[in-house]
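This report covers the division into domains and the contacts between the parts of the model.

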Amino acid sequence: MNKDGRVQTQSKNLVVHVSLLFFVLLAIGPIFVMVINSFKTMEGIFTGPLKLPSSETLTLDGFKRAITQGNFLRNYANSTIVTLGATLLTVICSCLAAYGITEYTTKLSKMIAGLFTIGIMLPVSLGTIVIIKMMVWLNILNTHISLILVYVGIFVPLGVILMVTNFRTVSNDLKEAARIDGANEFKTFLIVVPLVMPGVAAVAAITMLPVWNDLWFPLVLTAGPKTQTLTLGIQQFVGTYNNDWQALIASLVLGAIPLILLFTLFSKQFIKGLSDGYGK
Amino acid sequence: MTSFYRTLLFIPTTLSVVIVGFIWRIIISPLWGIVDYPLLGEKLTALPTITLMSVWQYLGIPMVFLYSALLSIPSNIIEAAQVDGASDIRIFFRIKMPLIAPQIGIITILTFIWVFNAFDIIYALNGGMPGPDYATDVLGTMFYRTFFGWGADLGNQNLGAATATVIFFIILLGTAAYFAVVQRRLKVSQL
C-alpha cells in the first residue's frame, strides 16, 4: 500500500496544484493586466493590451496625470482618516461592550447579545434616509465624523460578537486577583485587554476592508470634494475622464495598492478575523 | 504553499467594486477585450455578467470562512476514514460536507443578505442609470434613484423609504425562512 499510496499522492498533488493555479490565474490575471497597462503609453495600451511594457511603451505619464488631476491626495487622506477613525472607535466600543456582556451576566446582557446578533444581519443602508436626516440635524453632513459614526454603527455588532468569544477565554482567576488587589472595574478591563489582542486584530482587520472600499455611504454622506474618499474619488474619476485611459488605469492601480499591500502584510489577521467572525 | 494560494485567491476581495467593475468592463468589452459580444450592453446578458463579476470579487470570503471550518474538523475522523480505505472524494462528500454544513448555511444566508443590497458594483458600472432596458435595475439602484432622483425625475423621499422597507421585508422573509428550515434540521443532526 505504501508504493501505491505514494504514487497516488503525487498525481493527486499535481491535480490539486494545477487546479489551484488555474483559479489563481483567474483571480490575479485581470489585476496583472491592469497593472502592466498602467505603465504603458496610450498606444501601447491599445495595440497590445496583454503585452508587457517594452522600452518604447514604458511610461509613468498615467500616474502623473492621475495624481495631479482630480483630488487624489486629498482622497487618500480622507479614506485614511475615515478608515482609521472608524476602526479605532469600533475596536474600543466592541471591547467595552463585549467585556460588559461577558462579565456581568444578567438577563439584560443576554438580550443585548441577541440584539447585536440581529445587528449583524441587518443591512444599515436601508436606513440611509433616516441617517441622512440625522446628519443634517446634527449639522455634520459632509464631514468625516458622519462617515465614521455610521461605520462604527455598522461594524460594532460584529466586533462585539467576535470579542465576546475572545473575552470568554480569559480565566476568572486573573480578574478576581486584580479585584482583590484593589483594582476597580476599568483597571481590570485594561488588564484583560492585552490577553485578547488576537481578537482585537481580527476586529480591526474585518472593519478596515469594507470601510475603505465602501461606495454607498461616501456617495450619500460626503460627496463633496473636500471629504471624498478614495473609492468615491476613483468612481468619479472613471466617470469624468472617460478617454484618458492611461490616467484611468493608473488611478485604479493606485487605488488598489493600499489594500492589497495591507492585506498581504496582515493576511493572517484578516483571514482569522473573517473566519472567526462569522463562525459561531 | 497554502498561504500563497490563500493570499492570492483572496486579493480580488480586497479590491473595491470600482476597480473590479472597470477591469472586467474593459476585459469583456468588444473593442478592447477578449469577447466579441457586447455582454454588458445586451438586455439578456447584462445582469448575469455583473453577477459573475460580483462572484469573482467576493469568492474570497466564503473561501476563507469555509477553509477555517474545514480546519476545525478533528483529524482523527479523517484518518479513521482513510484507514478504512475511503477515497478522497468519498471522504469529502460523506464526511467533510455534513460536518461543515452549518457553516455553509450561515455563509449562504449572510451572502444573500449582503448581495441583496448589491448597489455598489451596478452603480460603479452604470452610474445610477438603469441598464439596457432596465435590465440591471435592482432594488438597490431603484432605491437610490427614487430617493435622490435621476436626471429629470426628482427624488421622492417617501417613495425611497417605501422601497427600502420592501427590501427590508424581503430580507426578513429570507432570513426567517432560513432559520425555520435549516435550524430545525440542524437540531436533528447535532454531533
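## Domains of chain A

Chain A splits into domain 1 (2-59) and domain 2 (70-278), with bounds that come from an automatic or database domain assignment. The model is predicted: local features need pLDDT of at least 70 and side-chain atom pairs count only at pLDDT 80 or more, while totals for chains, interfaces and linings use all residues. Residues are numbered from 1 along each chain as its sequence is written, and chains are lettered from A and ligands numbered from 1 in the order in which they are written.

Taken over C-alpha atoms, the centres of domain 1 and domain 2 of chain A are 33 Å apart.

## Contact between the domains

In chain A, six residues of domain 1 are in contact with six residues of domain 2; contact requires C-beta atoms, placed from the backbone, to lie within 7 Å. On the side of domain 1 of chain A that touches domain 2, helix H1 (2-38) and helix H2 (42-47) of chain A each supply at least two residues. Helices (H or I, at least four residues) are DSSP runs, numbered from the N terminus. H1(A) gives the most to this side, with four residues.

The residues of this side of domain 1 of chain A comprise four nonpolar, two polar and no charged. Nonpolar here covers Ala, Val, Leu, Ile, Met, Phe, Trp, Tyr, Cys and Pro; charged covers Asp, Glu, Lys and Arg; the others, Gly among them, count as polar.

## Contact between the chains

Chain A brings 36 residues to the contact and chain B brings 45 residues. The elements of chain A that give two or more residues to the side touching chain B are H1, helix H10 (197-213), helix H12 (230-240), helix H13 (245-265) and helix H14 (267-278). H1(A) gives the most to that side, with eight residues.

By residue class, the side of chain A that touches chain B has 26 nonpolar, ten polar and no charged residues.

Note on methods. Two residues are in contact if their C-beta atoms, placed from the backbone, lie within 7 Å.
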